[in-house]
Amino acid sequence: MVLKEALVREFDELLTHYPDKRSALIPALHRVQEENGGWISPELMEALAQYLDLSAVEVFGVVTFYPMFRIRPRGKHLVNVCHNISCDLRGAQDVLAKVCDLTGATPGGTSPDGRFTVATVECQGACTAAPMFELDGVFHENLDDQKIEQILGGVR
Amino acid sequence: MSRPTYLLDRIGPDSHTLAAYQKRGGYAALRTALKGKTPAEVVDVVKASGLRGRGGAGFPTGMKWSFMPDPAKDKRPRYLAINADESEPGTCKDRVLMERDPHGVIEGVLLACYAIRATTAYIYVRGEYRLSYDRLQAALDEARAAGLLGRKIQGSDFSCDIWMHKGAGAYICGEETGLMESLEGKRGHPRPKPPFPAMFGLWGQPTTVNNVETVFNVPFILERGADWFRSMGTKASSGNLLVGVSGHVNKPGVYEVPFGVSCLELVDGYAGGVWKGRKLKAWFPGGSSTGMLPGSAIDVPMEHDAIKNAGSMLGTAALIALDERACTVRAMEVVARFYDHESCGQCSQCREGTQWLSQIFHRIESGRGRMEDIEMLATLSKSMAPGKTICALSDAAAIPTLAVVKHFKDELEQHVLEQRCPLADPHAAKRPAALAHSH
């Protein structure tokens, strides 16, 4: 597999920000993941490694260190429920239960219809608007049951 | 009592745009400095102001800048890295500045670069802060188009580039050397110090790492003077700071206060008191890595030394309140799980210790605790800290553990004696079992 032409052009520009190639790795992985439906396949890791003059295992080592990178396919939509202290104190477990109930996914799993993957994540920096989840990269804060129903009900 | 404010004053509906920023006098401090001040003079003003870093350690900013080598003797390229990897649980103050006042951040970055004679800066934003990233990137584009960024800024001899760099969810990258490793495209493994970043930083070159709120203060200091800055706060900690108040309060929020304001006033005044008419049982003064204090000890000034004397740390000034029905063991179960998840794994004390702490708190909270577990929490923590590992993540797990054993030992014992959580939410049984690590 090779990187899409548009991504390569984007990365050529990205490389000008840094004195070495490797430093572009994490921003590039974000873009690769975004363009691949939210996960990074071994083939894409190899292709990016080749582009950045790295070995595939170096890329794999970085991918698996960072929680935002996923190495397996996920549902069409990703719900990351924060379960750290400030959210836990204001009902994060109830939020998780409600999200699982509405989507049919178990924590860490994907709904049978493949529409939603639900994950628990550590502090997202929305502590003063807890509880919260992040849906496809967008923060939703001060959640209650009604608000969760409204948000997830509006997802296509 | 009304107190002077400045940090959040500009915030409004369109405050993230260059037009709004310039209407409020934005980039005047940069223009003045480029015309009339040498980099050394900028460092001197910041030194005189007493500005201390807002990222948790409280190190004097001017002094940190002066650690950069003399450019006449050391010709290597030099860098500024902005730590916008805000990840300490309870902390969400830099996000407010980046989302609502990104040009204020950029002006601070440019002035810091000028002071340390760096021509390249990287803003390392945690990957989850998408809006912060987008707003800063849009502001950088505006600044570049207006000649405020790039070659020969505003017709001066000062050239500077600022690049956005996105993290990917690892707490350890908020540690300055972990951040540098991550920026270099590696796993975020902190480096042993020395060598310090000023001598061996990004790509081995002289580097300063500053927090977002720290550099955000700099344009104000240059515009209004060191004496004005020192007129707020305390003798040892001048200026205002942003405090996040979260947890069991009526009005959680990010509030601007002078150093030294009482934490009692933060909870009862700014944050509208403990919710549901309850009493305060416990509180973290500065994020989850600072030791919990009992509610009875809330009337303490929010300031480095006072909180230290009270037995904890100011940290990132992120106050997390627990009401009288909250369980401190449950709180520590969550906190310990977090540090277990975030340990980078380099040092055995931390890699093993955080895992053990997490397992022990989980065991006690779920009604399977043993009396010797409580002693084990303490002895284990003492083997993890202080200063036994490359970075302070191990300490960050050990410190709140020692605090709960000290202040809430009776609650730990009650859990063991009753073989259950005496404060457990009766609804908890129907909840799904959350995965500690979902990838």
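Trainee: Where does A:Asp53 lie in chain A?
Mentor: A:Asp53 sits in the loop between helix 3 (42-51) and helix 4 (56-63) of chain A. Keep in mind that this is a predicted model.

Trainee: What is its phi, for A:Asp53?
Mentor: Positive, about 55°, although A:Asp53 is not a glycine.

Trainee: And is A:Asp53 buried or exposed?
Mentor: A:Asp53 counts as exposed, with 10 C-beta neighbours inside 10 Å. The cut-off for exposed is 12 or fewer.

Trainee: Which residue other than glycine has a positive phi in chain B?
Mentor: B:Tyr27 is one of them, with phi near 70°. B:Tyr27 is in the loop between helix 1 (18-23) and helix 2 of chain B. B:Tyr27 is buried, with 22 other C-beta atoms within 10 Å.

Trainee: Back to chain A. What is the strand order in the open sheet?
Mentor: The order is 2-1-3-4, four strands with mixed pairing. Strand 2 (116-121) and strand 4 (138-140) of chain A are the edges, each pairing on one side only. Neighbouring strands are turned by 25° against each other on average, direction ignored.

Trainee: Which helix packs on that sheet?
Mentor: Helix 6 (residues 92-103) of chain A. Helix 6 touches strand 1 (77-82), strand 2 and strand 3 of chain A. Its direction makes about 160° with that of strand 1 of chain A.

Trainee: How many bridges join strand 3 to strand 4 of chain A?
Mentor: Three, with strand 3 (residues 133-135) and strand 4 of chain A running antiparallel. In that pair, A:Glu134 has A:Phe139 in strand 4 as its bridge partner.

Trainee: What does the domain assignment give for chain A?
Mentor: Domain 1 (5-63) and domain 2 (77-153). The C-alpha centres of these two domains of chain A are 29 Å apart.

Trainee: And which domains is chain B divided into?
Mentor: Domain 1 (18-230), domain 2 (243-323) and domain 3 (328-430). In chain B, the C-alpha centres of domain 2 and domain 3 lie 22 Å apart. Their contact takes ten residues from domain 2 of chain B and twelve residues from domain 3 of chain B.

Trainee: How many helices and strands are in chain B?
Mentor: 17 helices and nine strands. The radius of gyration of chain B is 22 Å, close to the 22 Å from the globule rule for 439 residues, so chain B is as compact as a globular protein of that length. The C-alpha trace of chain B spans about 75 × 50 × 40 Å along its principal axes. Buried residues make up 55% of chain B.

Trainee: Let's zoom in. Which residues of helix 3 of chain B are buried?
Mentor: In helix 3 (residues 39-49), they are B:Val42, B:Val43, B:Val46 and B:Ser49. Down the axis of helix 3 of chain B, the buried residues fall within an arc of 125°, so they line one face of the helix.

Trainee: What do those buried residues pack against?
Mentor: Several helices of chain B, including helix 2 (28-36), helix 6 (102-116) and helix 9 (212-224). After helix 3 of chain B comes B:Gly50, with a positive phi near 80°.

Trainee: New topic. How many residues of strand 7 of chain B are buried?
Mentor: Five of the five, so strand 7 (residues 280-284) of chain B is largely enclosed by the rest of the structure. Strand 7 pairs antiparallel with strand 9 (residues 318-323) of chain B over four bridges. There, B:Phe284 has B:Ile320 as its bridge partner. Strand 7 also pairs antiparallel with strand 8 (residues 293-294) of chain B, over two bridges. In strand 8, the bridge partner of B:Trp283 is B:Leu293.

Trainee: What kind of peptide bond joins B:Lys193 and B:Pro194?
Mentor: A cis bond, with omega about -5°. B:Pro194 is in the loop between helix 8 and strand 4 of chain B. Another cis peptide bond joins B:Ala385 and B:Pro386, with omega about 0°. B:Pro386 is in the loop between helix 15 (371-384) and helix 16 (393-407) of chain B.

Trainee: Last one. What does B:Glu184 touch?
Mentor: Leaving out residues up to four places away in sequence, B:Glu184 touches A:Arg22, A:Ser23, B:Leu202 and B:Trp203. B:Glu184 and B:Trp203 are 19 residues apart along the chain, with C-alpha atoms separated by 7.2 Å. B:Glu184 is partly exposed, with 17 other C-beta atoms within 10 Å.

Key: Residues are numbered from 1 along each chain as its sequence is written. Chains are lettered from A and ligands numbered from 1 in the order in which they are written. This is a predicted model: local features need pLDDT of at least 70, side-chain atom pairs count only at pLDDT 80 or more; totals for chains, interfaces and linings use all residues. A residue is buried if 20 or more other C-beta atoms lie within 10 Å of its own, exposed if 12 or fewer, and partly exposed in between; C-beta atoms are placed from the backbone. The arc is that of the directions from the helix axis to the C-beta atoms. Two residues are in contact if their C-beta atoms, placed from the backbone, lie within 7 Å. The radius of gyration is taken over C-alpha atoms; the globule rule is 2.2 Å times the number of residues to the power 0.38. Two strands pair if DSSP finds at least two bridges between them. Axes are lines fitted to C-alpha atoms, for helices over the stretch in contact, and angles run from 0 to 180 degrees between N-to-C directions. Domain bounds come from an automatic or database domain assignment.
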